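Me: Could you go through this one with me? I'd like to start with the metals and then move to the strands.

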Amino acid sequence: MSTTTLAAHLSQPTIPPRLAELIGAVAKGCVEISAQVRRGAAGQIMGALGSENVQGEVQQKLDVLSNDILLALCAKAEGLSAMASEEMETIHPVRDVAPQGGYLLLFDPLDGSSNIAVNVSIGTIFSILPTPADSAGRAVAEADFLQPGRNQVAAGYVVYGPQTQMVLTLGDGVCAFTLDPDCDDWVLTNPAMTIPAETKEFAINTANARHWAAPVSRYVEECLAGVEGPRGKDFNMRWVASMVADVHRVMSRGGVFMYPWDKREPNRPGKLRLMYEANPMALLVEQAGGASFDGAGDTLDAPVTSLHQRASVMMGSKAEIARLRDYHAV
Ligand code: AHG
Ligand code: MN
Ligand code: MN
């Protein structure tokens with residue numbers, strides 16, 4: 001059997017070498033994070049640090065370790081100007097002067113922190129933006145990161161599950177790679193991930209049901225009504241509580257993932273973060289034939305006003321997202 005590795009995939013002439021180098025650095029970081037995750041309680045990675053991140057969330061040791069691994073490895077990539085992370089309040093510049101045609105890297109170093117202690121799948125999410133044309137020759141600033149998701153030149157996630165897998169888009173479809181633990185090579189295991197248009201599966205934290213907006217309640221109630229209801233079919237519900245694992249299931253066999261705005265904090269657009277979670281996942285889902293909606297429009301077109309901005313998230317099978325859009329238009 002012939003195998004294609006991530007390195008071979010990234011050496012295609014259509015991929016700018018500095019972008020390939022940066023994605024290779026992220027992938028290397030994720031191999032290291034994967035090794036730390038596997039150590040679990042046999043290593044030094046379990047438990048809370050006692051600190052809080054900019055969102056006021058308690059940081060786990062693994063959140064910070066994963067962040068540090070990615071910072072150290074990615075700083076070496078020549079085309080990279082600066083990084084931003086869910087775990088850091090401000091941007092992390094790596095070059096005094098932005099290279100022409102360079103890149104900005106954003107990440108959620110460890111997604112699904114609440115699942116670390118219970119040995120359930122967790123992940124890393126990343127997004128790559130171009131440095132704005134007018135930033136060449138000067139240091140990049142936070143404002144340079146505030147670009148809509150549509151501008152992303154690449155996005156991906158790594159799921160640390162029974163297997164470690166990377167799902168990647170460079171804006172031309174979606175590929176999946178599986179880490180071979182014997183040699184630490186990423187092997188291309190799905191060259192064209194596609195999300196079926198229709199589904200019988202949805203993912204939402206139903207503990208928040210009483211706080212949802214009417215269109216979300218209607219959608220979920222109709223799914224729950226099953227074969228006797230207006231949908232005329234029975235649905236399944238799944239909720240891992242690691243976005244990476246929940247979206248990976250949607251990418252693998254269809255479905256809808258939702259973490260919508262709710263009334264708990266009416267002035268907050270949602271729980272999940274636009275730049276580190278919603279936008280990279282929305283690009284992957286769209287590139288796999290699905291769709292993404294934030295209650296007003298396409299996630300990828302949402303205006304960006306701050307680095308740690310939150311978003312309302314609905315993404316997955318195209319026909320289901322179209323239905324959710326219709327319900328929001330009523
Ligand atoms: P993170 O661990 O990066 O803070 O993200 C956790 C997120 C996301 O992964 C998941 O979908 C969601 O939080 C789960 O939230 P609930 O615990 O409210 O279900
Ligand atoms: Mn997360
Ligand atoms: Mn996180």
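Me: Which residues coordinate the manganese ion (ligand 2)?

Reply: The manganese ion (ligand 2) is coordinated by Asp108 (OD), Asp111 (OD) and Glu277 (OE), at 1.9 to 2.1 Å. Donors here are N, O and S atoms within 2.8 Å of the metal (3.2 Å for Na, K and Ca), and water is not among the atoms, so sites may look incomplete. This is a predicted model, in which local features need pLDDT of at least 70 and side-chain atom pairs count only at pLDDT 80 or more, while totals for chains, interfaces and linings use all residues. Residues are numbered from 1 along each chain as its sequence is written, chains are lettered from A and ligands numbered from 1 in the order in which they are written, and side-chain values use heavy atoms, with hydrogens and water left out.

Me: How are those donor residues spaced in sequence?

Reply: The donor residues of the manganese ion (ligand 2) follow D-x2-D-x165-E.

Me: And what coordinates the manganese ion (ligand 3)?

Reply: Glu86 (OE), Asp108 (OD) and Leu110 (O) coordinate the manganese ion (ligand 3), at 2.2 to 2.3 Å. Glutamate 86 lies in the loop between β3 (80-85) and β4 (92-93) and aspartate 108 in strand β5 (residues 103-111), so the pair ties together parts that are 22 residues apart in sequence. Strands (E, at least two residues) are DSSP runs, as are helices (H or I, at least four), numbered from the N terminus.

Me: Which residue bridges the two ions?

Reply: Aspartate 108 bridges the manganese ion (ligand 2) and the manganese ion (ligand 3), which lie 3.7 Å apart.

Me: Is aspartate 108 buried or exposed?

Reply: Aspartate 108 is buried, with a relative accessible area of 1%, and aspartate 111 is buried too, at 5%. Buried means under 20% relative accessible area, exposed over 50% and partly exposed in between (1.4 Å probe, protein chains only).

Me: Switching to the strands, how many residues of β8 are buried?

Reply: Six of the six residues of strand β8 (residues 164-169) are buried, so β8 is largely enclosed by the rest of the structure. Thr164, Met166 and Leu168 point one way, while Gln165, Val167 and Thr169 point the other way.

Me: What does β8 pair with?

Reply: Strand β7 (residues 154-160) pairs with β8 in the antiparallel sense over six bridges, and five bridges join β8 to strand β9 (residues 174-180), also antiparallel. Two strands pair if DSSP finds at least two bridges between them. Methionine 166 is the bridge partner of valine 158, whereas glutamine 165 has threonine 178 in β9 as its bridge partner.

Me: Where is the positive phi?

Reply: Glycine 171 takes a positive phi near 85° in the hairpin of β8 and β9, which has four residues between the strands.
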